[in-house]
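Subject: Handing over the model, with notes

Dear colleague,

Here is the structure that I am passing on to you, and my notes follow directly below it. Please read them with the coordinates open beside you.

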Amino acid sequence: MQNGKAIKFKFNGNVVSATNIILQPGLNTITVTLINDCSSETVNYAITYNAPAPCVAPAISFTSNNATDNATYTLSALISNIDNPSQISVTLNGVPVTANYNTGTDLLSATMTLVNGNNTIAVTANGCEVSSAIFSVNFTPTPPPCNPPVIAFNSSNTADNATYT
């Protein structure tokens with residue numbers, strides 16, 4: 001019996017065996033009772049199963065602005081449940097970008113050069129599960145300063161004739 005429930009076993013000569021016992025986290029008690037015409041014997045086995053911690057998928061949250069007028073852009077994001085920077089990849093418009101990840105603060109940063117218009121940044125974090133997030137940044141360069149037109153008159157502001165030239 002396992003934790004009060006009957007389990008399948010084999011008896012061969014004087015050996016009792018049970019395989020594929022599914023243990024529950026914590027203490028599991030296996031009870032073996034043998035009975036013959038003159039006696040019965042019961043033996044309890046205590047097995048403690050230390051289950052692995054449940055998987056907590058990486059979480060990605062962006063902290064950068066999604067619009068800029070500067071082509072040089074620094075992405076910032078917080079990524080939790082990652083143990084190693086090698087578990088993170090970043091792409092800009094489908095092209096891999098070098099990124100830095102601080103495991104102590106969970107902060108990801110990557111400096112990149114944007115193209116004019118919409119830019120798509122993809123971040124993938126591969127911990128015990130894979131999480132991905134997409135971030136769009138619109139780059140609109142600041143137009144050059146506009147100099148207003150200047151009109152200059154080369155003539156005097158008085159006229160002696162009705163026709164002015």
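In which loop does Ser64 lie? Ser64 is found in the loop between β5 (59–62) and β6, where helices (H or I, at least four residues) and strands (E, at least two) are DSSP runs, numbered from the N terminus. Before going further, please keep in mind that this is a predicted model, in which local features need pLDDT of at least 70 and side-chain atom pairs count only at pLDDT 80 or more, while totals for chains, interfaces and linings use all residues. Residues are numbered from 1 along each chain as its sequence is written, and side-chain values use heavy atoms, with hydrogens and water left out.

Surroundings of Ser64

Ser64 has a relative accessible area of 15% and is therefore buried, a word used here for under 20% relative accessible area, with exposed for over 50% and partly exposed in between (1.4 Å probe, protein chains only). Its side chain reaches the backbone nitrogen of Ser76 at 2.5 Å, and a polar atom of that side chain lies 3.5 Å from the backbone oxygen of Thr74. Both are listed as polar contacts, meaning a pair of N or O atoms within 3.5 Å, of which, within protein, one must be able to donate a hydrogen and the other to accept it, and residues adjacent in sequence count only if both atoms are side-chain atoms. Not counting residues up to four places away in sequence, Ser64 touches Tyr73, Thr74, Leu75, Ser76 and Phe135, with contact taken as heavy atoms within 4.5 Å.

The sheets

Four strands form an open, antiparallel sheet in the order β5-β7-β11-β10. At its edges stand β5 and β10 (100–102), each with a single partner strand, so one side of each is left without a neighbour in the sheet. The twist in this sheet averages 25 degrees from one strand to the next, with axes being lines fitted to C-alpha atoms (for helices over the stretch in contact) and angles running from 0 to 180 degrees between N-to-C directions. Two strands are said to pair if DSSP finds at least two bridges between them; β10 and β11 (residues 107–113) pair in the antiparallel sense over three bridges, and the bridge partner of Asn102 in β11 is Leu107.

A further open sheet is built from five strands in the order β6-β13-β12-β8-β9, with mixed pairing. Its edge strands are β6 (67–68) and β9 (95–97), each of which pairs on one side only. Within this sheet, β12 (residues 117–126) and β13 (residues 130–139) run antiparallel and are joined by 10 bridges, with Asn118 standing opposite Asn138 in β13.

Elsewhere, β3 (residues 26–35) pairs with β4 (residues 40–49) in the antiparallel sense over 10 bridges, and a hairpin of four residues joins the two strands. Thr33 stands opposite Thr42 in β4. Asn28, which is found in β3, is buried at 0% relative accessibility; its side chain reaches the backbone oxygen of Gly26 at 3.1 Å, and a polar atom of that side chain lies 2.7 Å from the backbone oxygen of Gln24.

The core and the aromatic pair

Val123, in β12, is buried at 0% relative accessibility, and among its contacts beyond four places in sequence are Ile60, Phe62, Leu75 and Leu108. By contrast, Val123 and Thr42 are 81 residues apart in sequence and 58 Å apart in space, C-alpha to C-alpha.

Rings of Phe, Tyr and Trp (its six-membered ring) pair if their centres lie within 6.5 Å, and planes under 30 degrees apart count as stacked, over 60 as edge-to-face and the rest as tilted; by this rule there is one aromatic pair. The rings of Phe62 and Phe135 have their centres 4.7 Å apart and their planes at 25 degrees, so the pair is stacked. Because Phe62 lies in β5 and Phe135 in β13, the pair ties together parts that are 73 residues apart in sequence. Phe135 is buried, at 12% relative accessibility.
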